[in-house]
Amino acid sequence: MFQHKKIQNLNDFFKNQSERESAGVYFYRINGYSEEIGGFIRAYYEAARKNGVVIEGKLQNPDEKNLSYYYEVMGIDFMLSTGFIGSSLKKWLPRMNDRQRENVALSLYDALFLLQKEGKNEHMLKNAYTKCMCWLYYRFERIVNQLGENTLPKILYEGAVSQYELMILSILSNAGCDVVLLQYAGDAAYLKQDALSQYSYELKLPGMAPFPPEFSLKQVREQMQEASNRERLYGIPPKRKNCTNAWMEGNVLADLKKSPAQRGDDPAFYYNGFCRINGAEDKLAYANELYQFQLDLKNSGRTMVIVNESLGRPAMEEIAAVRRNHYTKPEQLVMDLSSNINVRDTSSVELQRMMVRAFVDVMLARIQELGQALNLNKLTNQAVCLLCFLKRYEGRLFAGWKENDVSCFIYMGGCQDESEALFFRFLARLPVDVLILCPDLARRCCLKDRLLYEVHYEQSLPLSVFPEENTNVVIGTAAYHAERELDTLMYEGSGIYREKQYEKANTVILQTMYEEIGILWKEEVKYRPSFTTAKDEVHIPVIFAKVSGVKDGLVQPYWRFIRELVTEDTFVIKSAPFIEPTAPNPVRAYAAEFYKNGRLLKDKIKSHASYPYGHLREEIQDYILSKLKLLIDQKVIRGTFENGTEYAVIATVLNLPKEIVRLIQKFDFTKKNPKLLYIHTTEAMISLEDTILTAFLNRIGFDIVFFVPTGYQNVEKYFNRKIMEEHQIGEYLYDLHVPNLEGNLQRTRISWRDRLFKRK
């Protein structure tokens, strides 16, 4: 635990741990006032507001809801031991690291032990323990993971501290934070709790006098706000301004692929695009054109973010992370909320200034647009949403940002509300290309902005998912498009490749006719339409389909066709569910540890004792984990990021059957790909784990076909959207028995069609 040290001067409070003469923390109480102390309080208040906790008034006792939630999560057990307290803290406050948790546990134990020595019974100790745990969670959770770090968190307390308040402040101080108590009425109340000043030091400086009667943190806050309002809203301006769209020649996709050097060379500007394309110029080529566009951006090294249909409402945690107050003036709102903009990379001061300017610009423009209809509460909500979206995408758009970098944000579907529109107006004033795609003309985008460049086409296409390089791409074969009188774009030519030349692959789904499945099934992927290579990656066209019914109601030809699909690289599932929800899974207990703050912790997974793939080649392990992350990020499985389904995804993918793992290990991305046949002849529902398995294997590069003679809609239950082609081939039949597909099936009379096509 940290020792309490004495300061040499008030500036010591603002030194990092590494800068202090001796390692330790400061816990002081201030009973008097001077100009020097007034300046210190303002500076310390600002530090605590940014990196700590400010307590104005008493720490309120946990209410019934607080206690109910605590008991729901932690139970009613209590034991006065560091082991019990440490394990409880790990569950209750998981963001703390081991060192922080140990310090808090030891300090809390010492405090409770002293209460026991004073004669408190076990019931009283348990109440004190519960109160401290609730305070740690509800009042101090934002700093518990910063305790003892180089930049020590600050606590500023105003008023007469009680016994248990002093106890929790002392616990936090011992664990690694600075504490200052403001005692306007003097030291008498404090000394009743700590007569020997064992927990804190009294600040004594020359010229101190009693606090002015009107002095309070509220007054300090108002004075600081007034001083801030006297400065320009924009603060220090950035060196460069945005030149948006003026450099463009008119072909949006071609223009946005231009490098910054091709756009302009005036050092006073950065050149970006802000465009919306309504409808499709050619709806048959639209998906392929967008697919190639994002491939070209990726190959050029551009940072790119793609979002489909909706940004989604900010989560409660995101909203809670935005510092805000109650506002009486719109300018006050803009000034205060802009302080939330803090670029994570502290070297990018210029980028932060750009963000502040863009935020002020769009907020003032919005205020002017609303005019008499301005509602400060609604405006605050929109601004908070903007800041939540910024924090959500900032890392992906601006990681390692350099002066001439221009990232690209692609939004498929159009803005559905003013909060989304405000965010894109803000983003378009930064070094970011913003491309909004609205191919479905029945769905209107509410975004309006003077900088927006629009392109309008007459054809409408109900496309809601951007055709990325990973399984969202649907590319038709020649036969498929010929049947629908569409133009086709077939893969032409072939290459010679070394064994396992490529270590990375992305899949695109082939949209085929039913008859083509048997033709394409045994082909090497390099001969399939739309097979491409780009740099060190392969783009594999795969089959992902559901076959409903039995052709002409003929059972034995039906089984014969399925039997012909069984190869040495085919995994066959003959009944549902294949993976029972209650089946043992050694990874399930640890899945929540492997995914934190929107990140799959690949290194932690690989080093964990339960990790089952350590014997595979390193590139195969990386490939499996990358596709696991992709499956989670795309939210293909229903319930992802809503009810913890992402953890079920992790547990399932990290517990694949041995036979499937071997097929993945064997897979050469330019040759024949592994297969999965799922035969489902009953009313039983496919399990969530089965759905995860098939969706994951699709992204790995497996050909997958569900044969459902009943025609029941049971395959689709856990998918968020339709991602497979369904073929209705004939009569629905029920309770069929799956024969031995590896043995000889009983032959029936060969039809003239089979003779013509030489089928056996």
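User: Why does Asn 245 count as buried?

Analyst: This is a predicted model, and in it Asn 245 has a relative accessibility of 11%. The limit for buried is under 20%, so Asn 245 counts as buried. Asn 245 belongs to the loop between β6 (241-244) and α10 (252-256).

User: What makes the phi of Asn 245 worth a remark?

Analyst: Its phi is near 75 degrees, which is a positive value in a residue other than glycine. Phe 641 is a further case, with phi near 65 degrees.

User: Where is Phe 641 found, and why is it called partly exposed?

Analyst: Phe 641 lies in the loop between α22 and α23 (645-653). Its relative accessibility is 40%. Buried needs under 20% and exposed needs over 50%, and partly exposed covers what is in between, so Phe 641 counts as partly exposed.

User: How do you know what span to expect of helix α22?

Analyst: The expected span is 1.5 Å times one less than the number of residues. Helix α22 covers residues 618-633, which is 16 residues, and the expected value is 22 Å. From first C-alpha to last, α22 reaches 23 Å, close to that value.

User: Which residues of α22 are buried, and what follows the helix?

Analyst: The buried residues of α22 include Ile 620, Tyr 623, Ile 624, Leu 628 and Leu 631, along with Gln 621 and Lys 627. An α-helix has 3.6 residues a turn, so residues three or four places apart point the same way. After α22 comes Lys 635, whose phi is positive, near 55 degrees.

User: What makes helix α7 largely enclosed?

Analyst: Of the 14 residues of α7, 13 are buried, so the rest of the structure largely encloses this helix. Helix α7 runs over residues 163-176 and reaches 20 Å from its first C-alpha to its last, close to the 20 Å expected.

User: Which elements do the buried residues of α20 pack against?

Analyst: They pack against α19 (514-521), β20 (675-679) and β21 (703-708). In α20 (residues 555-564) the buried residues are Tyr 558, Trp 559, Arg 560, Phe 561 and Ile 562.

User: Why is Arg 366 called buried?

Analyst: Arg 366 has 11% relative accessibility, and therefore counts as buried under the 20% limit. This arginine is part of helix α15 (residues 349-370). Apart from neighbours within four places in sequence, Arg 366 is in contact with Leu 379, Gln 382, Glu 418 and Leu 422.

User: What is Val 572 in contact with, leaving aside its neighbours within four places in sequence?

Analyst: Contact requires heavy atoms within 4.5 Å, and Val 572 has such contact with Val 566, Leu 677, Ile 679 and Leu 741. Val 572 sits in strand β17. Leu 741 is 169 residues away along the chain, and the two C-alpha atoms are separated by 9.0 Å.

User: How do you know which way the peptide bond from Ala 576 to Pro 577 is set?

Analyst: Its omega is near -5 degrees, and the bond is cis. Pro 577 is placed in the loop between β17 (570-573) and β18 (595-596).

User: Which residues of the largest nonpolar core touch the most other members?

Analyst: They are Leu 654 and Ile 664, in a core of 62 residues. Aside from neighbours within four places in sequence, the contacts of Leu 654 include Val 587, Phe 594, Ile 605 and Tyr 611, and also Leu 625 and Leu 628. There is a second, separate core of 54 residues, with Cys 388, Trp 401, Phe 409 and Cys 415 among them.

User: How many helices and strands does the chain have, and what part of its residues is buried?

Analyst: The chain has 26 helices and 22 strands. Of its 760 residues, 51% are buried. Among contacts with a separation of 6 or more, 80% join residues 24 or more positions apart.

Note on methods
Residues numbered from 1 in each chain as written. Predicted model: local features only at pLDDT ≥ 70, side-chain atom pairs only at ≥ 80, totals over all residues. Heavy atoms only, no water. Helix = DSSP H or I, 4+ residues; strand = E, 2+ residues; numbered from the N terminus. Buried < 20%, exposed > 50% of the residue type's maximum accessible area, 1.4 Å probe, protein only. Core = buried A, V, L, I, M, F, W, Y, C linked by side-chain atoms within 4.5 Å.
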